[in-house]
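Keep the structure open beside you as you go.

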Amino acid sequence: MTSYRPPEGRPTSPHLPFGDRRDAPWYGQSIISVRQFQPADLDYVFGVAHEMREMVGRVGTFDLLKGKLLANLFYEPSTRTASSFMAAMQRLGGTVIPINEVRYSSVSKGESLPDTIRTLECYADCIVLRHPQMGAAAEAAAVARKPIINAGDGVGEHPTQALLDLFTIAIELGRYSPRTGLDLSGLTITLLGDLKYGRTVHSLSRLLAPMDVRLNFVSPPTLRMPEHLMTELATGTARTTELDALDPVLADSDVLYVTRVQKERFEDVALYESLKHAFVIDRQTLTRARDTMIVMHPFPRVGEIAYDVDPDPRAAYFRQMENGMYVRMALLAMVLGKA
Amino acid sequence: MTSYRPPEGRPTSPHLPFGDRRDAPWYGQSIISVRQFQPADLDYVFGVAHEMREMVGRVGTFDLLKGKLLANLFYEPSTRTASSFMAAMQRLGGTVIPINEVRYSSVSKGESLPDTIRTLECYADCIVLRHPQMGAAAEAAAVARKPIINAGDGVGEHPTQALLDLFTIAIELGRYSPRTGLDLSGLTITLLGDLKYGRTVHSLSRLLAPMDVRLNFVSPPTLRMPEHLMTELATGTARTTELDALDPVLADSDVLYVTRVQKERFEDVALYESLKHAFVIDRQTLTRARDTMIVMHPFPRVGEIAYDVDPDPRAAYFRQMENGMYVRMALLAMVLGKA
Amino acid sequence: MTSYRPPEGRPTSPHLPFGDRRDAPWYGQSIISVRQFQPADLDYVFGVAHEMREMVGRVGTFDLLKGKLLANLFYEPSTRTASSFMAAMQRLGGTVIPINEVRYSSVSKGESLPDTIRTLECYADCIVLRHPQMGAAAEAAAVARKPIINAGDGVGEHPTQALLDLFTIAIELGRYSPRTGLDLSGLTITLLGDLKYGRTVHSLSRLLAPMDVRLNFVSPPTLRMPEHLMTELATGTARTTELDALDPVLADSDVLYVTRVQKERFEDVALYESLKHAFVIDRQTLTRARDTMIVMHPFPRVGEIAYDVDPDPRAAYFRQMENGMYVRMALLAMVLGKA
């Protein structure tokens with residue numbers, strides 16, 4: 001093959017997107033893992049997300065990504081994440097090719113993920129990928145000419161969720177401004193529920209590890225944080241504590257991050273049933289919490305947070321979702337060279 | 001909770017849409033039931049729908065809702081209704097987040113309808129909801145900050161279908177003009193088929209009850225109008241008759257509204273088979289009808305109207321569908337403050 | 001019915017699209033079969049596709065079809081074809097109503113294809129149809145007022161695939177220019193794999209039959225070209241040869257068109273397993289091929305072309321997919337009166 005020369009007149013494919021700021025730092029990059037985000041990167045993402053939030057509040061949508069196409073490729077259904085990315089792209093004036101039926105389609109004819117990715121990048125400018133297998137997003141990015149955004153790869157990562165979680169903590173507690181950047185120093189963040197399988201908790205912890213914060217991990221003994229992750233976190237500056245009860249740390253918490261016990265992770269239904277409501281946050285719980293604490297949840301919830309919490313201003317979970325749209329707008333604009 | 005004060009710097013979420021005519025009468029309202037529509041409201045809706053029809057005829061699409069996002073949330077599939085709303089939104093320059101896979105998604109993880117609604121309103125400006133359970137649309141509207149449009153809630157209501165049916169009668173028979181409004185006085189409207197489970201017939205009857213019209217209800221004895229509904233209609237000015245044969249009323253009818261016997265409502269397949277073609281309208285039937293009569297059907301049809309009727313100008317059912325798009329354009333523009 | 005007169009004031013439906021060049025040759029036409037395309041037509045289609053390619057390379061998207069709606073109606077899933085049409089429409093500034101769930105929807109209530117088509121044309125300006133039954137696209141076009149584009153009808157045709165294949169051969173080998181048109185004279189094109197059921201091979205062969213080319217058909221004996229098709233091809237000017245080995249013709253081929261053995265066509269799994277890898281193209285194979293040969297495949301592939309071929313510049317299959325978008329952009333613009 002070394003002797004190969006393309007014949008005269010053979011065209012080269014227009015592989016690069018069109019009219020973009022190719023000097024922009026995230027231009028053309030894939031977003032696969034929270035490990036890609038150093039503190040300065042977080043300042044940058046949050047700066048853009050903050051702008052997006054302002055713009056949506058003022059005008060609803062605008063044409064920053066007009067003419068750009070996003071392929072929204074979901075190998076497993078996720079109404080929330082898929083809708084959030086679709087809305088993000090559309091509020092920036094771009095359009096979306098939604099692909100939700102992969103389980104019936106080429107894939108059932110045996111097509112590999114790399115082939116599907118290389119197909120879609122023929123049509124679209126960017127691909128959002130949700131896949132049940134850990135490592136799928138990295139595998140996709142390895143073959144892709146266009147940016148891939150990981151929207152969850154099994155028990156692997158869900159970096160946009162972790163970023164929106166962190167953005168929510170910062171915005172809700174007044175710990176981010178475009179001028180001073182992000183500063184969570186001194187905060188106490190309590191993470192509650194299924195910490196063993198909770199991918200969002202793992203990613204968020206990694207983002208918090210290098211900061212001056214206290215992390216309380218509250219779970220039933222069988223659903224504790226993975227040991228390897230606790231070891232990894234120990235190399236950071238965050239102080240960590242593992243508990244099996246919320247009471248000792250509730251009153252001091254600035255953030256209470258609640259997660260669902262995920263039925264789909266359990267083979268033993270009885271075990272799931274015994275654990276699913278190990279911790280339930282209700283109005284009564286909040287009487288013992290700070291007035292300034294916020295309650296977060298990646299949703300869906302199935303009883304971990306009672307509905308009577310919703311009217312409480314400390315219930316931040318719906319604002320958290322809205323922030324998800326702003327963070328995803330920021331990431332789309334960044335990788336498409338428009339931020 | 002009475003002592004709760006939001007901390008300094010905590011933002012309030014930009015809950016209201018952007019740059020709309022907030023003084024518009026239907027701005028921000030949900031559309032749940034035909035009971036919301038008084039005669040003056042019908043004049044208003046039809047005035048806007050009439051304009052939409054003119055505009056589409058002239059320019060195809062226009063940018064009245066540019067920048068607005070619609071979440072099209074279908075818990076049960078309905079190609080026709082879903083497509084009609086998508087087209088309505090897109091012809092107004094807005095964009096759509098189609099959500100058809102809820103049965104596989106968060107819902108299968110146990111998420112409640114209110115949580116799904118409160119999620120989607122974080123992203124979209126308006127939600128169209130189709131749900132198999134009666135009362136679902138009202139339940140959604142009760143928790144939503146953004147307008148909900150009921151696209152059918154089980155055996156409950158399907159108000160946009162009833163409005164498009166009425167609009168079709170008015171337009172086809174020359175009974176609406178923007179100047180004089182709606183006037184159906186003196187018309188004879190014959191409703192045929194499954195009147196027991198036919199939600200569209202129920203809603204349309206309610207809209208017609210306060211008018212000076214004659215309503216003939218023709219059905220097999222086992223599929224008669226529900227008694228409670230006949231009682232309700234009796235309080236109106238419309239004159240009603242129940243029959244088990246079409247012949248006595250066909251020649252005098254201005255409208256023949258045909259419905260499908262819905263297989264999915266029957267547990268007894270044999271009973272369904274015996275009833276499904278209790279009445280079949282064909283070319284022969286129409287020889288006994290007025291030249292000016294129109295034949296309507298909410299579709300799909302499965303044999304109640306023979307294909308040989310299609311070329312007859314009295315076959316109004318495809319024009320009826322097209323009117324559905326105009327009525328839905330009107331409703332979307334109204335609740336989003338642009339009509 | 002001959003005596004029928006529409007009543008005064010009954011509106012006629014605005015059946016024609018809006019503001020289009022109605023004198024354009026393909027305006028309002030349906031695209032059902034490759035038999036519609038004479039050599040002069042190919043020059044025309046490729047001229048427009050060539051322009052589309054240039055424009056996408058320069059600006060990504062543009063507003064030629066702004067305000068037009070495409071209904072993308074897929075009765076069987078096909079991620080690649082559906083995405084390609086969606087991207088084509090969106091890169092032209094138009095919008096799409098994706099309909100992928102027909103198997104659950106009206107159709108499961110028994111609705112006929114003509115009724116579904118006549119419904120969708122009430123909303124959209126053009127319908128792309130993928131259907132498992134041969135003849136479905138022609139049946140749809142027979143009842144439709146709006147253009148239908150056949151995106152595959154079972155073992156019938158897939159004309160847009162054949163056109164993009166031919167366009168790819170022309171563009172890759174420098175055999176098309178807007179000035180001189182299409183000229184494949186003297187080329188040797190080898191088609192390999194399942195030639196019995198391979199609809200794309202059948203359609204492409206028909207397009208090539210009237211040209212001055214050599215066609216080599218290489219397949220296992222049980223998967224040879226259908227006899228009737230070979231008879232049909234014999235009436236053209238292309239010279240045809242059938243073989244059961246690639247070796248005798250590889251070195252002389254300008255194009256090697258590889259197809260998948262389609263599992264879904266076999267009742268006998270063992271037979272499928274014995275045939276599926278009858279021919280595998282890998283890096284080693286290419287050492288015996290010309291430097292200027294191109295390798296094509298309609299995808300998905302399931303092993304017929306090894307991944308180690310991908311980096312070879314002769315691997316044209318991803319460029320082929322990209323060309324699919326340009327050809328579909330051309331066809332959409334043509335039938336909507338904008339080319």
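Two exercises follow, each with a worked solution.

This is a predicted model, in which local features need pLDDT of at least 70, side-chain atom pairs count only at pLDDT 80 or more, and totals for chains, interfaces and linings use all residues. Residues are numbered from 1 along each chain as its sequence is written, while chains are lettered from A and ligands numbered from 1 in the order in which they are written.

**Exercise 1.** Work out which residues of H2(B) and H11(B) meet.

*Solution.* 
1. Now look for contacts (C-beta atoms, placed from the backbone, within 7 Å). Ser84(B), Phe85(B), Ala87(B), Ala88(B), Met89(B) and Arg91(B) of H2(B) touch Gly324(B), Met325(B), Arg328(B), Met329(B) and Leu332(B) of H11(B).

**Exercise 2.** Find the strand that S7(B) pairs with, then the partner of Thr190(B).

*Solution.* 
1. Start with strand S7 (residues 188–192) of chain B: 4 of its 5 residues are buried, so the rest of the structure largely encloses it. Buried means 20 or more other C-beta atoms within 10 Å of a residue's own, with C-beta atoms placed from the backbone.
2. Strand S8 (residues 214–218) of chain B runs parallel to S7(B), joined by 5 bridges; pairing takes at least two DSSP bridges.
3. Within S8(B), Asn216(B) is the bridge partner of Thr190(B).
4. For chain A, the open sheet of 5 strands reads S9-S8-S7-S10-S11, with parallel pairing. There, Leu191(A) has Tyr257(A) in S10(A) as its bridge partner.

Technical notes. Two residues are in contact if their C-beta atoms, placed from the backbone, lie within 7 Å. Helices (H or I, at least four residues) and strands (E, at least two) are DSSP runs, numbered from the N terminus. A residue is buried if 20 or more other C-beta atoms lie within 10 Å of its own, exposed if 12 or fewer, and partly exposed in between; C-beta atoms are placed from the backbone.
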